[in-house]
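Please open the model in your viewer and keep the selection panel at hand. The stops below are given in the order in which to select them.

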Amino acid sequence: MEAAAAMDHHDQHESTGIDHRKLGMWVFLSSEFLFFGALITNYLLYQGQPGFARPYPAEIYDIPFTSFSSFALLMSSLTMVLAHNALARRDQHATRTWLLATAMLGSVFLGGQVFEFTEFISVSGMKLTTNPAASAFYLLTGFHGFHVLLGVLMLLTLYGISRRQGELSEASGLNLELVGLYWHFVDIIWIVIFTVVYLLASAPVGVG
Amino acid sequence: MTTTAERRPTTTIFRRPRSTTGFWSWITTADHKKIGIMYGYAAFIFFLVGGIEALLLRIQLSAADSTFLTAAEYNAAFTMHGTTMVFLFVMPISAAFINYLLPLMIGARDVAFPRMNALSWWIFLFGGIFLYSVLIFSDPAAPAGVEGVPGNLDPADNTILGGMPDGGWFGYQPNAGPFYSPGTAMDFWALGVQFLGLASLISSVNFIVTIFNMRALGMRLLRMPVFVWMSLVVALLLLFSLPIIAIALFMVTFDRQFGSLFFVAEAGGDPILWQHLFWLFGHPEVYILILPAMGIVSEVLPVFSRKPLFGYAAVVIAGAAIAFMGFGVWAHHMFSSGISPVAQAAFALSTMTIAVPTGVKIFNWMGTMWGGRLRFTTSMLFAIGFVAMFVIGGLSGVTHAVVPSDWQQTDTYYIVAHFHYVLFGGAVFGIFSGLYYWFPKITGRLLSERLGKINFWTLFAGFNLTFAPMHWLGLQGMVRRTAYYPPEAGFDFWNLVATVGAFIIAAGVLVFMYNWWRSKKHGEPSGIDPWDARTVEWTIPNPTPEYNFGVSPTITSLDDFWHKKYSSDSEGRPVRRPEAEETLEDLMETGINPPHPIHLPAPSYYPILFAAGIPLVGWGIIFHTSLVGKLLILVGVLVVASAAFGWSMEPLEEPHEEHDEDHSDQPSGSGYSSYGSDA
């Protein structure tokens with residue numbers, strides 16, 4: 001406490017030494033884990049139930065295609081780190097480039113999801129209303145896609161601000177870190193979804 | 001934040017609001033105290049609405065085969081009574097207490113994210129209005145949501161009251177699904193509760209960051225008042241349980257609106273999954289409702305016993321333990337729904353175990369009063385009432401952990417008696433205790449003790465008359481959620497007693513309202529420290545100045561304020577320090593005339609604008625098949641997006657040019673402070 005007293009008044013309001021917004025983002029993300037946890041549990045409960053109207057999601061996955069879009073999303077975490085790193089080096093040009101690259105890779109993933117949903121619905125005939133497993137699949141991946149979409153919008157906003165200002169200010173630097181935290185979270189969740197929902201998929205015995 | 005170093009882009013939608021008094025100051029405020037007061041008044045209005053619904057239920061049940069309400073109206077009334085009391089009264093009034101008191105108790109000038117705090121409040125208010133807009137928008141005679149299913153309402157039931165949500169506050173599936181609850185009423189319920197949950201989630205993040213990050217110098221975690229600890233525990237419970245109910249409610253909305261099959265048993269959906277998800281939220285929710293009241297009582301009892309809280313650390317740890325174990329007991333709500341014997345045994349055990357930390361708290365409160373010099377103020381009476389009534393409700397709760405006994409009690413009035421003893425005799429008594437205790441902080445005046453005593457004894461008598469007979473009615477086999485009982489059942493007498501009791505409760509509430517209204521203007525002035533209190537929120541003038549603390553406090557011990565006023569003699573009895581009066585005068589002086597200028601979060605239009613978009617999206621989803629619905633969704637999203645844009649371009653504080661230069665000269669711990677955050 002004596003050490004804190006020696007600091008100037010800005011730090012007086014951060015008992016933990018972590019910026020309010022960064023701490024808030026961590027707290028919020030801890031809640032998001034439960035959000036996706038519930039969605040994934042729903043899917044796991046329904047995916048192997050026998051007797052549903054066909055097709056089951058596990059019967060129609062296009063693993064090579066989804067692997068490609070998953071790879072794009074994973075690479076976007078790398079470019080996010082590079083953007084953060086470039087900002088730490090005060091390299092404004094590289095920061096902007098990597099921000100844009102991250103948003104682009106996120107958009108590739110989103111495009112892949114739109115294509116996948118369209119294929120599933122119109123070619124394979126699996127709609128939201130086909131069976132509970134399909135409902136759970138669309139709700140889970142749909143909400144994940146919505147999170148990616150929000151992330152892309154935040155990245156593009158940051159990009160726009162840095163273009164306007166010519167450089168990212170100290171405050172925007174923190175914003176970049178916050179968006180980065182969120183973005184990595186969305187990626188991590190996708191690693192779990194891709195592994196559990198796609199790769200370890202199981203239709204009931206005798207199906208698929 | 002140094003305001004000169006960085007100039008933000010000046011893009012805005014609105015000019016910054018300036019008013020500090022009057023209507024617009026309340027609409028645009030980011031002050032935790034104003035937000036807390038608004039939460040409190042709104043919650044109390046909803047308390048009256050839920051209370052009127054309860055009176056309707058009691059009139060219907062006062063005699064056998066009564067025809068006061070139709071069955072549909074009865075179902076709607078008990079559904080909205082439960083939903084209102086849980087989501088629109090106890091939760092927001094707890095939010096009111098936490099909003100107003102949390103920053104004061106940790107020695108802060110506001111919460112970590114003042115504008116997000118305003119956002120929570122407006123989303124809550126609009127969520128509540130959205131839920132009750134069902135009275136305008138819902139067509140009770142609406143055809144079924146699924147093709148080929150006839151509407152299941154008797155045309156005689158097509159009343160406005162009967163058109164409210166009628167699936168219970170628990171919304172069990174498939175009863176509340178598209179097949180058995182056609183029309184739009186349950187959509188209003190599912191989305192309304194969703195919005196209220198969103199408001200609470202934002203609050204919980206805000207409160208957690210505030211508690212971890214904004215404590216005054218020396219306010220270590222184990223020096224925080226118990227109320228702050230309980231607020232932290234509640235925020236963590238909200239944080240981890242709300243996402244689960246959010247998913248469950250989304251599933252209901254998708255089932256009802258977009259034809260998904262989560263809970264449609266005919267297509268293989270699993271209605272029991274709803275019960276698991278609901279109670280995995282719903283049981284922590286029970287602790288969300290009661291823990292703030294426990295925190296209040298833990299503040300009030302020591303002050304009026306003139307003793308420190310007995311076993312402070314034990315109370316804190318017991319609170320945390322209740323929260324942790326609260327996530328492992330949910331299936332005791334489901335013993336009769338066909339879960340496996342192993343699950344029944346496991347949840348019976350965990351339910352019995354969670355009674356242990358609760359019992360620890362009861363003994364701590366009794367230990368606090370033991371040997372103390374008790375002062376029976378109204379606040380103290382409510383606190384003692386809380387402890388006594390909560391013991392009764394807690395003990396009847398433990399009987400539900402015994403599975404065969406629970407099978408006997410499920411869906412009877414015994415359950416109704418139990419949870420009203422913990423939620424009314426518990427939470428509501430705790431809330432009243434807090435209202436009497438902290439009223440001077442808001443108004444600078446005391447509530448009348450004479451009216452307060454009348455208030456307490458009518459509520460206490462009315463409460464016990466209403467709910468005690470329900471124990472024996474339940475054990476005799478009277479079932480819940482049913483509008484009628486036959487005359488030969490022999491339930492008439494105790495039901496009539498319960499109805500009389502309910503009206504005595506109503507009279508008690510009216511006494512309270514009169515007391516509040518009268519004391520606000522004519523109450524006795526309280527001075528700075530009316531109760532000889534222990535905690536730091538009483539070191540500042542009443543009513544609380546806009547900036548809270550003229551000088552940020554430095555905390556050296558638990559019950560810091562008490563130790564500034566009292567030392568103890570050789571036998572441990574408190575002895576008032578000779579300099580105590582001088583200390584109080586100094587505190588009054590610095591509280592009224594802060595020695596240094598203080599930056600406060602500036603008001604903003606964006607929180608209310610952001611929140612206003614949300615019910616628009618809700619109505620849009622419910623009527624999404626029509627063009628108007630689609631337009632509403634579009635407009636709602638645009639409103640939210642433009643508010644978010646304007647918000648992100650608006651700094652938290654107005655730049656104060658005249659002060660910027662001497663920032664660095666201010667010693668730490670001085671009155672000069674600002675916010676390190678932008679949200």
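Predicted model: local features only at pLDDT ≥ 70, side-chain atom pairs only at ≥ 80, totals over all residues.

Residues are numbered from 1 along each chain as its sequence is written, while chains are lettered from A and ligands numbered from 1 in the order in which they are written.

Select residues 185-213 of chain B, which form helix 6 (helices are DSSP runs of H or I, at least four residues, numbered from the N terminus). Its end C-alpha atoms are 42 Å apart, in agreement with the 42 Å that 29 residues should span at 1.5 Å a residue (the expected span is 1.5 Å times one less than the number of residues). Of these 29 residues, 27 are buried, so helix 6 of chain B is largely enclosed by the rest of the structure (buried: 20 or more other C-beta atoms within 10 Å of the residue's own, with C-beta atoms placed from the backbone).

Next, select helix 10 of chain B, residues 341-369. From first to last C-alpha it reaches 43 Å, close to the expected 42 Å. Its buried residues include B:Phe347, B:Thr351, B:Ile354 and B:Trp365. Among the elements covering the buried residues of helix 10 are helix 8 (271-305) and helix 11 (378-399) of chain B. Just after helix 10, B:Gly371 takes a positive phi of about 75°.

Finally, centre on B:Phe456 in helix 14 (residues 449-475) of chain B. B:Phe456 counts as buried because it has 26 C-beta neighbours inside 10 Å. Leaving aside residues up to four places away in sequence, B:Phe456 touches B:Thr378, B:Leu381, B:Phe382 and B:Gly385 (contact: C-beta atoms, placed from the backbone, within 7 Å). B:Phe382 is 74 residues from B:Phe456 in sequence, yet their C-alpha atoms are 6.7 Å apart.

Technical notes:
Helix = DSSP H or I, 4+ residues; strand = E, 2+ residues; numbered from the N terminus. Buried ≥ 20, exposed ≤ 12 C-beta atoms within 10 Å, placed from the backbone. Contact = placed C-beta atoms within 7 Å.
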